[in-house]
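Work through the exercises below with the sequence and the model open. Each task is followed by a solution in steps.

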Amino acid sequence: MERHVLESLLIGDDEASVVALAALRSGAPYSVEERVQPTGAHAGVFGRRLQRMRMHGFEPLGLERAVQLIREYGLPVRSALIDPGNRTRFTLLFLTEDGSALVACASWPLPLVARKPPL
């Protein structure tokens, strides 16, 4: 998928989409999976990752909403990854099977460093 096509899918004003669009526009490398996965596979895996991240004090931007949107979408999705060379932020996109629309977007900073729990 060409960069400008992927950029055109990021029309939402949610914080994760804004972060993803800025990364693409700054030239960050990206990849789009060729194969699609059933909704349950992605929602299950990323639902568990969300739980584990929260157990360690992380709150990944948009991941809870992404899991919800993938479940609601109910059809197979294709994933895309924006992973800047400087490894400062990991951004995950979920696209429709044909790649024509964004289903959900999530992002979190790297490296993952646990925050101290509140007293």
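**Exercise 1: the sheet**

Strand β2 (residues 77–82) is largely enclosed by the rest of the structure, because five of its six residues are buried. The model is a predicted one.

Task: Determine the order of the strands in the open sheet and the sense of their pairing.

Solution. 
- Step 1. Start with strand β1 (residues 30–32), which is joined to β2 by three bridges, the two running antiparallel. Within this pairing, S31 stands opposite L81 of β2.
- Step 2. Go on to β3: six bridges connect β2 and β3, again in the antiparallel sense. Here A80 has L93 in β3 as its bridge partner.
- Step 3. The open sheet has four strands in the order β1-β2-β3-β4, with antiparallel pairing.
- Step 4. Look at the edges. β1 and β4 (102–109) each have a single partner strand, so one side of each lacks a neighbour in the sheet.

**Exercise 2: an aromatic pair**

Task: Find the aromatic pair and classify its geometry.

Solution. 
- Step 1. A pair of aromatic rings is described by the distance between the centres and the angle between the planes.
- Step 2. Searching the whole structure gives one aromatic pair. The ring centres of F46 and F94 are 5.4 Å apart and the planes stand at 75°, so the pair is edge-to-face. The cut-off behind this step is that planes over 60 degrees apart count as edge-to-face.
- Step 3. F46 belongs to helix α3 (residues 39–55) and F94 to strand β3 (residues 89–96); they are 48 residues apart, and the pair links distant parts of the chain.
- Step 4. Check the burial of each residue. F46 has a relative accessible area of 7% and is buried; F94, at 0% relative accessibility, is buried as well.

**Exercise 3: the surroundings of T91**

Task: Is T91 buried or exposed, and with which side chain does its own side chain make a polar contact?

Solution. 
- Step 1. T91 is a residue of strand β3.
- Step 2. Its relative accessibility is 1%, so T91 counts as buried, the limit being under 20%.
- Step 3. The side chain of T91 makes a polar contact with that of S107, at 3.0 Å.
- Step 4. Neighbours within four places in sequence aside, the contacts of T91 include A80, L81 and I82, as well as C105, A106 and S107. V19 and A20 are also among them.

**Exercise 4: the surroundings of E7**

Task: Locate E7 and list the residues that it touches.

Solution. 
- Step 1. E7 lies in helix α1 (residues 3–9).
- Step 2. Not counting residues up to four places away in sequence, E7 touches L21, L24 and R25.
- Step 3. For a C-alpha distance, take E7 and A20: they are 13 residues apart along the chain, and their C-alpha atoms are separated by 8.5 Å.

Key:
Residues numbered from 1 in each chain as written. Predicted model: local features only at pLDDT ≥ 70, side-chain atom pairs only at ≥ 80, totals over all residues. Heavy atoms only, no water. Phe/Tyr/Trp six-rings, centres within 6.5 Å; stacked < 30°, edge-to-face > 60°. Buried < 20%, exposed > 50% of the residue type's maximum accessible area, 1.4 Å probe, protein only. Pairing = 2+ DSSP bridges. Polar contact = N/O pair within 3.5 Å; in protein donor to acceptor, adjacent residues only side chain to side chain. Contact = heavy atoms within 4.5 Å.
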